[in-house]
Amino acid sequence: MSAHCQVTGRKPSFGKSVSHSHQRTSRRWNPNIQRRRYYLPSEGRYVTLQVSTKGIKTIDRDGIEAVIASIRARGDKV
């Protein structure tokens, strides 16, 4: 599973590490992805999402029902 948030769409970013001698090597910064289970009262079941920490804050702010509706409106399966 790739480091990809299902709520915010955050993905790894790429860049270079620069050493003391200014030798550049490729690296990537992964988002802080957590695996979380949420209960959907409307469907009476749990869903497991791979969300970033910002995605968790979004779910806390808007509610799981609204976030799941926006994920489904995008065309993603939940």
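This is a predicted model: local features need pLDDT of at least 70, side-chain atom pairs count only at pLDDT 80 or more; totals for chains, interfaces and linings use all residues.
**Leu49**

Neighbours within four places in sequence aside, I found Leu49 in contact with Gln6, Gln34, Arg35, Arg36, Tyr38, Ile59, Ile64, Ile68 and Val78. I noted that Leu49 sits in strand S4. I then looked up its accessibility: the relative accessible area is 1%, under the 20% cut-off, and therefore Leu49 counts as buried. I also took one distance, from Leu49 to Trp29, which is 20 residues away along the chain; the two C-alpha atoms are 21 Å apart.

**The nonpolar core**

I next turned to the largest nonpolar core, which has 13 residues. Which of its members touch the most other members? I listed Val7, Tyr38, Leu49, Val51, Ile59, Ile64 and Ile68. I then recorded the elements that supply two or more residues to this core: strand S3 (33-40), strand S4 (45-52), helix H1 (53-62) and helix H2 (64-74). Which element gives the largest share? It is H2, with four residues.

With neighbours up to four places away in sequence set aside, Val51 is in contact with Cys5, Val7, Asn32, Ile33, Gln34, Arg36, Ile56 and Ile59.

**Thr58**

I looked up Thr58, which belongs to helix H1. Is Thr58 buried or exposed? Its relative accessible area is 15%; the limit for buried is under 20%, so Thr58 is buried. Beyond residues up to four places away in sequence, I found that Thr58 touches Val7, Thr8, Gly63 and Val67.

**Arg28**

I moved to strand S2, where Arg28 has its place. I read a relative accessibility of 42% for Arg28, which lies between the cut-offs of 20% and 50%, so the residue counts as partly exposed. Apart from neighbours within four places in sequence, Arg28 is in contact with Ala3, Pro12, Ser13 and Phe14. I also checked Arg28 against Gly63, 35 residues away along the chain, and their C-alpha atoms are separated by 31 Å.

**His22**

I examined the loop between strand S1 (13-18) and strand S2 (24-29), where His22 is found. What is the phi of His22? It is positive, at about 65°, although His22 is not a glycine. I noted for comparison that most residues other than glycine have a negative phi. The relative accessible area of His22 is 55%, which is over 50%, and His22 is therefore exposed.

**The whole chain**

I recorded two helices and four strands, in the order β-β-β-β-α-α along the sequence. The radius of gyration is 16 Å, whereas a compact globule of 78 residues would have one near 12 Å. I noted that the C-alpha atoms fill a box of roughly 60 × 20 × 20 Å along the principal axes.

I found that buried residues make up 24% of the 78 residues. Among contacts with a separation of 6 or more, 37% join residues 24 or more positions apart. The accessible surface comes to about 5,700 Å², and carbon and sulfur atoms account for 48% of this area. Finally, I looked up the charges: the chain has 16 positive and 5 negative ones, and their mean positions are 14 Å apart.

Note on methods. Residues are numbered from 1 along each chain as its sequence is written. Side-chain values use heavy atoms; hydrogens and water are left out. A nonpolar core is a set of buried Ala, Val, Leu, Ile, Met, Phe, Trp, Tyr and Cys residues joined through side-chain atoms within 4.5 Å. Buried means under 20% relative accessible area, exposed over 50%, partly exposed in between (1.4 Å probe, protein chains only). Contact means heavy atoms within 4.5 Å. The radius of gyration is taken over C-alpha atoms; the globule rule is 2.2 Å times the number of residues to the power 0.38. Accessible areas come from the Shrake-Rupley method with a 1.4 Å probe; for residues, only the protein chains shown count as cover. Lys and Arg count as positive and Asp and Glu as negative; His and the chain ends are not counted. The place of a charge is taken as NZ of Lys, CZ of Arg, CG of Asp or CD of Glu.
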